[in-house]
Amino acid sequence: KSSQGNFDQWKRAEKTGSLTRRGSLDRKDKRSSWAASEPDLTASLDSFPPVTLTVSSFFKQEGDKLKDDDLYKHLQDLKKPSPKLKQLKSIKGSLKLDICVAGETVKHCLTPELSKLKPYIDPNARPTKEILNFPSKRRDITLENPHYQFRNLLYISPKELNFTNRSGERARNIAVKIQLMAGEGDDHSLPVIFGKSSCPEFSREVYTAVTYHNKTPDFYEEVKIKLPSNLKDHHHLLFTFYHITCKGQVKDGEKLSTPVGYTWIPLLEKGSLA
């Protein structure tokens, strides 16, 4: 509730100003024209010219202040002309976004399940991926949009981990490996995890990012899994926690990662979702 309250407060404050960014689009002037009815908005988007946004303002965030409350407070501080802005560590980088209205026919399109839609002429062409919205809980909307295709997806969003009171092997620089298992053997992990743009379409495992020297890391990854259609009681999610070595030089035979714990979540229990 606290995070949502801070987020709503930031959204209200955002209407009175904007962050200082370098971009080729003046969103402040366009915002008033977009605040119209849905038909007017659709007509405006049809005539929307191609736009390129370039963002070059990146700031380093402290590893122990990555919770939602900390990030919302950080955004609020950026909008205030205070000495804190001079204390922020800037990171060199550039983010370029090309925005345009899609044509009536989109070529080389992939569904959220990575199925190819016609026309898909060139298999080596850069694909266009459909964005999947989470279904609404409103009954009237559900009735107006019936299910017309089979979809069995699971999204996993790790939040935080606390190894402060853990004894024995040290646990810092923690990474979490996520797998969908069909048994207890090492070879029972299923290739059902959707890969990123630079990875294969499906993989058997995925790792979270590492926060340097932090025993209580916060995570912001989202893992998308294509669940088998014939789920059984032996299917489960396996989470393995590793301490990652961050030394500049690693000796021969020295392991880069050391397991420090694991846990699991069953998907089914007596034939029903757990």
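User: What is the place of K226 in this protein?

Analyst: In this predicted model, K226 is found in strand β11, which covers residues 223-226.

User: Why is K226 called partly exposed?

Analyst: The relative accessible area of K226 is 36%. Buried would need a value under 20%, and exposed a value over 50%. The 36% of K226 falls in between, so K226 is partly exposed.

User: Which residues does K226 touch, not counting those up to four places away in sequence?

Analyst: K226 touches N152, L153, V192, F194 and F202. Contact here means heavy atoms within 4.5 Å.

User: How far is K226 from Y155 along the chain, and what separates their C-alpha atoms?

Analyst: The two residues are 71 residues apart along the chain, and 9.0 Å separates their C-alpha atoms.

User: Where is N173, and what makes it count as buried?

Analyst: N173 lies in the loop between β6 (153-156) and β7 (174-181). Its relative accessibility is 3%. The cut-off for buried is under 20%, so N173 counts as buried.

User: What does the side chain of N173 reach, and how do you know that the pair is within the limit for a polar contact?

Analyst: The side chain of N173 reaches the backbone nitrogen of H213 at 2.5 Å. A polar contact requires N or O atoms within 3.5 Å, so a distance of 2.5 Å meets that limit.

User: What is the order of the three strands in the open sheet, and what is the pairing?

Analyst: The order is β4-β3-β5, and the pairing is mixed.

User: What makes β4 and β5 the edge strands?

Analyst: Strands β4 (116-117) and β5 (128-129) each pair on one side only.

User: How do you know that β3 and β5 pair?

Analyst: Pairing takes at least two bridges. As for C109, its bridge partner in β5 is T128.

User: How many helices and strands are there in the protein, and what share of its residues count as buried?

Analyst: There are six helices and 15 strands. Of the 274 residues, 24% count as buried.

User: Among contacts between residues at least 6 apart in sequence, what share join residues at least 24 apart?

Analyst: The share is 66%.

Methods. Residues numbered from 1 in each chain as written. Predicted model: local features only at pLDDT ≥ 70, side-chain atom pairs only at ≥ 80, totals over all residues. Heavy atoms only, no water. Helix = DSSP H or I, 4+ residues; strand = E, 2+ residues; numbered from the N terminus. Buried < 20%, exposed > 50% of the residue type's maximum accessible area, 1.4 Å probe, protein only. Polar contact = N/O pair within 3.5 Å; in protein donor to acceptor, adjacent residues only side chain to side chain.
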